[in-house]
Amino acid sequence: MIKKSIAVFLTLVLLCTLLAACAGSGAGNAATLNVYNWGEYIDQTVLEDFEAETGIQVNYTTYANNEEMYSKIVSGAASYDVIVPSEYMISKMIEEDLLAELDFANIPNYSKIGDDYKGLPYDPDEKYSVPYTWGTVVIVYNTKYVDEADVEDESIDLLWNEKYAGKILMFDNPRDAFALAMSKLGYSMNSTTPSEWEAAADELIAQKHLVQAYVMDQVFDKLIGEEAYIAPYYAGDAMAMMEENEDLAAYVPVEGANQFFDSMCVLKNTRHKKEAEQFINFMCDTEIAVRNAEEVCYAIPQVEAYEELDEETKNDTMVYPPAEVLERCEVFVNLPSETLELQSDLWKKLKTHYD
Amino acid sequence: MKKFLTVYTVLISVFLYAPIFVVVFFSFNSGTSRAVFEGFSMQWYQELFQDELILKSLYYSVVIAVVSAVVSTVIGTMAAIGINKLRGFVKSAYLSVNNIPVVNPDIVTAISMMILFVFVLSHFNGMEMGFTTLLIAHITFNIPYVVLSVLPKLKGMDQNIYDAALDLGCPPVKAFVKVVIPQIMPGIISGMIMAFTLSLDDFVISYFNSGATFQTLPITIYSMTKKPYNLKLNALSTLLFAVVLALMLAVNIKKPAKKKKA
Amino acid sequence: MRKNRDPINKKVMLAPFSGWMVLFVLVPIALVVYYAFSNADRQFTLSNLHWMYEYRGTLWLSVKLSVIATVICMLLAYPIAYAMSRASEKVQRNATLFIMLPMWMNFLVRTYAWMTILEDTGLVNNALRGIAGWFGKEFDGLSLINNHGAIVLGMVYNFLPYMILPIYTALTKISYSLIEAARDLGANGGQVFGKVILPMSVPGIISGITMVFIPSISTFIISKILGGGKDFLIGDLIEDYFLGNSGVVNYNIGAALSLIIMVMILIATFMMNHFDKDAKTSGGGSVI
């Protein structure tokens, strides 16, 4: 009797394991699309609408920066269908043959994208990507605590101002952090000269004792809650924070800042290319793009959708900076691997420099 | 002395429970801040039950914990019985290997398995980390704890009862099932419970060995802490904590009666 | 005859275990060693070990903070463990539960709660500000977070129960008659503690030390949450090399650093076991 029940038990366990294993490996069946996007970067109701309209389930996960997304994908740890990398990551991934060529017949809404946002250097032949949003890096500060005199010149130096020691936040990813230091020194943020990188690293090390914490999206809590007063961040998120705390203000630094284009791409090894293209097309729909833009506050590349935004947003120079501001901004290009390696080493040097 | 100890105990309790109190208290916040209490509300609990990602990863966590606990209990109990029969160098070699995952820091266990999985998966196109790798990882760090909790019971077992059963004509397999298993049952059960809780609570090993589509609860919680803090996490933690507290109380009230029997 | 009727074939019993442990414990560790001593082209090299020198500051900081955390845990845990071991059986059972209970809440969430408590605008500073305001004074607040002290606090908080419970277990094993005997022989309170209780609780202290030190030295979360992501500990470096958060994945250096942690812990446990020779713990088998 007991023998029998043990046998039954073991069989059950085995069955469960097998069933569960099948469920695990079958996670990518026809109806589920794996979308991997930045945190705080979508209106969730849009996803629900997409699911309702097409019957395709969306498995939506997020990452904090391009590098995190990239290493997840190349380690083979994960199979995603749609990703939203920034421009320099797109060129890197095109080079490494990770992205699928899109079939634009399935993306009729591509015609709604403004010409200014098509055929940009990272995807010159318009084969791999459809722009999602764009923006610049801005410096956010709290007017209650930061003296007007210190922000008058709209300089990057505010991030190095001793007066605000312990109240300054910094990007917790090397590319964005080094770009700020490079701009401060007057170098190109796409420099491949090792000595310039070393100099930028020295700047970051010199800044370290002023930094309260290195953060990504935790910046929201800290700035809104007035735990910190100054932080560089992406324009759209800056807008979102300014809505929550009206003492916050922001500027694009005069030394220049990074301008980024985040675009939707499909991975080469996707099993759902058609559904992925359907998703991209859906996101470019005017009504959807407007709703999404209102939620995420970033600038959108869809012309019609832009026209439908309210006047205040359209004229907001933070979200849609005028040409002369954009002129001093720089778009990231993919760095050669020696420079990437140097960047990674210098970043660790910063993090292992103990005051 | 007595007074000092009382005061001291109170202080340590405050230290241990202050964060718990903060988590529970702010789970009822009507605002969005984890530091400024604006008023009482149950909104985070409502939102929690609408969050598919959290619910799904909770489900995945339980699945992984149950399956890995059962499998590791079977393998671990068998191993303990085998090891108990070994002597000398071979025995201590087995015990040493068993101890590796216990003594090694989680992160080392985690990356060592990650290397293996990446190494193997890179030879099979189209396969990825996910349920299977996670399950293997969890079973691996669970087995030693099962072995360690069954072994002492085997040592303390009275071999004579088993021999007596055989002498009285009981077939060996039946004697094993009827005599040995019941005697080591407490060890098996506590090993299984331990495996279950270790698996449910594991963050580090899952962090390095889970893919995109199969995330356990701790992984989801970690990815949520990287975003603007969401008080749903407090609501979730409060609920799970309440469940455990209730279970503990129930077990604890039952226990004295059981003890008298033994 | 005895052998024949024994149904338990140890080979069969050990087979799944042996297979599993070889495949998923020994092979992975061999791979760590292999990666630590090879480069990206899979050729033998010792160059990864030079990073040990490069990161000596990180190693030192990790050791320093975890030793401090371990010592604090020991000092905090002993009186509690002692008080527990002297209490009635019912109190002992409840106290054990009481100490284990916090561990049932996800440690990330609990560690995050410390942020709420310690921040510049956190509960402690707000309370102090309130008190100062009561006396009509200005108070800037204390810097309680994003520094090494906060990291140590996080370690102590998360791992304190692992120190209390083994010491308590060791203390409960001391028979009361032994203490009485010492007293009868004229030992005073201090002598009883120093010559009887403390030596007999050494096994508990030692397993407590291992259980606090090992997770402390390898943590990479506590330093991120409570240290403000500023100073890397050795665990942060390993995470970075394996997951490539700063843009480059390098298993070889990551494996070399992991190997260093493993060797350090091996040496530490060896020293402990040596120290523990007189008071040998039950359970059997050398550690590693």
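Predicted model: local features only at pLDDT ≥ 70, side-chain atom pairs only at ≥ 80, totals over all residues.
Two residues are in contact if their C-beta atoms, placed from the backbone, lie within 7 Å.

**View 1. Chain C is built from helices.** Let us start with the chain as a whole: chain C has 14 helices and 0 strands. Read from the N terminus, its elements run α-α-α-α-α-α-α-α-α-α-α-α-α-α. The radius of gyration of chain C is 24 Å, well over the 19 Å that the globule rule gives for 288 residues, so chain C is more spread out than a compact globule. Its C-alpha trace spans about 70 × 65 × 35 Å along the principal axes. Of the 288 residues here, 47% count as buried. Look also at how the chain meets itself: among contacts in chain C between residues at least 6 apart in sequence, 71% join residues at least 24 apart.

**View 2. Chain C touches chain B.** Here 63 residues of chain C are in contact with 61 residues of chain B. On the chain C side, the elements that give two or more residues are α2 (10-36), α4, α6 (107-118), α11 (202-217), α13 and α14 (251-275). Which of these helices gives the most? That is α2(C), with 16 residues. Sorted by class, the side of chain C that touches chain B has 46 nonpolar, 12 polar and 5 charged residues.

**View 3. Chain C touches chain A.** Turning to another partner, we find 23 residues from chain C and 24 residues from chain A in the contact. Two helices of chain C, α4 (56-86) and α13 (234-243), each supply at least two residues to the side that touches chain A.

View 4. Is L223(A) buried or exposed? L223(A) counts as buried because it has 27 C-beta neighbours inside 10 Å, and the cut-off for buried is 20 or more. Leaving aside neighbours within four places in sequence, L223(A) is in contact with V140(A), A228(A), A231(A), M241(A), N245(A) and L248(A).

Note on methods: Residues numbered from 1 in each chain as written. Chains lettered and ligands numbered in written order. Helix = DSSP H or I, 4+ residues; strand = E, 2+ residues; numbered from the N terminus. Rg over C-alpha atoms; globule rule 2.2 N^0.38 Å. Buried ≥ 20, exposed ≤ 12 C-beta atoms within 10 Å, placed from the backbone. Nonpolar A, V, L, I, M, F, W, Y, C, P; charged D, E, K, R; others polar.
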